[in-house]
Amino acid sequence: MKIDGAIFDLDGTLVDSLHFWDNYFSEVGRRYLSDPSFGPDPKTLRAMRTATIGEGQTMLHQRYGFGDTPDELVAFAYERCEYFYRNLVTVKDGVYELLDFFRDSGVKMCIASATEKPLLMVAVEKFGFDRYFPRIISCSEVGYGKDRPDVFLAAREYLGTPLDSTYVFEDSVVAIETSVK
């Protein structure tokens, strides 16, 4: 198998950050319900995991009526997410070894994530990922979440690598299915 290009997701793939949602929903429940055990229904949770922060907070606002506007939830989510990336996120085992191997083998790499760019950059800078990834693409830059292929198409266009030798490293089933469309 020849790999010329590698498109990496950040959350759940490069960094162990999926527990953000448990932390965040606990904070949302505490703030809006005085109940830290809040969690959205499985369908909403699944949709939020591949959505942009704006899309996800709009879902929460519409489904549960939290906040006066979705923008109130977006601001809260940004605050919690930035704190989370700065203080609680860790790199997954073996990530640096794989990235070093790819870089040393001449594989072109970039990140394609549903996370907002300023928040991505907190993790990129914290973990030194900028030495591996000259381009970080957020779904908000392309206007759609990972339920559409736009972010993967933008990443492959940036890499300029052949489709048959460009691989996506992703932990979301929805995003994996979308990346092959």
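Predicted model: local features only at pLDDT ≥ 70, side-chain atom pairs only at ≥ 80, totals over all residues.
Helix α6 covers residues 117-127, and L119, L120, V122, A123, V124 and F127 are buried in it.

S34 is another residue with a positive phi, about 55°, although it is not a glycine. You'll find S34 in the loop between α1 and α2, the latter being residues 42-49. S34 counts as exposed because its relative accessibility is 67%, and the cut-off for exposed is over 50%.

Now for the helix packing. Two packed helices are described by the angle between their axes and the distance between the axes.

| Helix pair | Axes come within | Crossing angle |
|---|---|---|
| α1 (20-33) and α4 (70-87) | 11 Å | roughly 135° |
| α3 and α4 | 8 Å | roughly 125° |

With that angle, α1 is oblique to α4, and their crossing is right-handed. On the α1 side the contact is made by F20, N23, Y24, E27, V28, R31 and Y32, while α4 brings E72, L73, F76, A77, R80, C81 and F84. Sorted by class, the residues of this contact are nine nonpolar, one polar and four charged.

The axes of α3 and α4 cross at roughly 125°, so these helices are oblique to each other. Their crossing is right-handed. From α3, I53, G54, Q57, T58, L60 and H61 meet P70, L73, V74, A77 and Y78 of α4. This contact has seven nonpolar and four polar residues, and no charged ones.

What about the inside? In soluble globular proteins, nonpolar side chains tend to be buried together. In this model the largest nonpolar core has 40 residues, and the members that touch the most others are L10, L14, Y24, L99, M109, F129 and F133. At least two residues of this core come from each of β1 (5-8), α1, α3 (53-64), α4, α5 (95-104), β4 (108-113) and α6. Helix α4 gives the most, with seven residues.

Which residues does F133 touch, leaving out those up to four places away in sequence? They are F8, L14, L99, M109, C110 and I111. Another core, of 11 residues, lies apart from the largest one, and its members include C139, A155, L159 and A175.

Technical notes: Residues numbered from 1 in each chain as written. Heavy atoms only, no water. Axes fitted to C-alpha atoms, helices over the stretch in contact; angles between N-to-C directions. Helix = DSSP H or I, 4+ residues; strand = E, 2+ residues; numbered from the N terminus. Parallel < 35°, antiparallel > 145°, perpendicular 65-115°, else oblique. Left-handed = near helix turned anticlockwise from the far one by under 90°. Contact = heavy atoms within 4.5 Å. Nonpolar A, V, L, I, M, F, W, Y, C, P; charged D, E, K, R; others polar. Core = buried A, V, L, I, M, F, W, Y, C linked by side-chain atoms within 4.5 Å. Buried < 20%, exposed > 50% of the residue type's maximum accessible area, 1.4 Å probe, protein only.
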